[in-house]
Amino acid sequence: MKIKTHIGNDKILKIQIPDEFANEELEIVIVFQRIAEKSLQSASKTPEELGYSRRFLEEVIGSWEGEPLGLKIND
């Protein structure tokens, strides 16, 4: 199970375990890893902010000028 959450000033993390593990003895491993601020920002950037032009798809779709990129079957 992998979750992303915000820990408040109370330092309490609440995890609800799936029903299938009710009344079971479990070994639980918790890894604390800060989420990089940069990855949070890039996830919400527009294509233009990431360096792509607004018309990127229109410019590249159909622009291949070489041989067709299909599968060749030798008889």
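Predicted model: local features only at pLDDT ≥ 70, side-chain atom pairs only at ≥ 80, totals over all residues.
The overall composition may be considered next. The protein has 75 residues, and its secondary structure consists of two helices and zero strands. How many of the residues count as buried? The share is 0%.

A patch of about 1100 Å² is formed by Met1, Ile3, Ile7, Leu13, Ile15, Ile17, Phe21, Leu26, Ile28, Ile30 and Phe32. One of these residues, Leu26, is found in the segment before helix 1, the helix that spans residues 37-43. Is leucine 26 exposed or only partly exposed? Its relative accessibility is 40%, and therefore it counts as partly exposed, since that class lies between under 20% and over 50%.

Lysine 11 is not a glycine, yet it has a positive phi of about 60°. Lysine 11 is placed in the segment before helix 1, and it is exposed because its relative accessible area is 69%, where exposed requires over 50%. Asparagine 23 likewise is not a glycine and has a positive phi of about 60°. Asparagine 23 also has its place in the segment before helix 1. With a relative accessibility of 85%, asparagine 23 therefore counts as exposed.

The final topic is the space between the atoms. The largest pocket has a volume of about 1000 Å³. It is lined by 23 residues, and those closest to its centre are Ile3, Leu13, Ile30, Val31 and Phe32. What kinds of residue make up the lining of the largest pocket? The lining divides into 16 nonpolar, three polar and four charged residues. Ile3, Leu13, Ile30 and Phe32 are named both in the nonpolar surface patch and among the residues closest to the centre of this pocket.

Technical notes:
Residues numbered from 1 in each chain as written. Heavy atoms only, no water. Helix = DSSP H or I, 4+ residues; strand = E, 2+ residues; numbered from the N terminus. Buried < 20%, exposed > 50% of the residue type's maximum accessible area, 1.4 Å probe, protein only. Patch = residues over 30% accessible without salt bridge, like charges linked within 9 Å, V, L, I, M, F, W, Y side chains within 5 Å. Areas by Shrake-Rupley, 256 points an atom, 1.4 Å probe, with all protein chains shown as cover. Salt bridge = Lys/Arg side-chain N within 4 Å of Asp/Glu carboxyl O. 1 Å grid on protein atoms, 1.4 Å probe; cavity = no way out; pocket = protein on both sides within 12 Å on 5 of 7 lines; lining within 4 Å. Points joined across faces, edges and corners; volume = space filled by probe spheres on them. Nonpolar A, V, L, I, M, F, W, Y, C, P; charged D, E, K, R; others polar.
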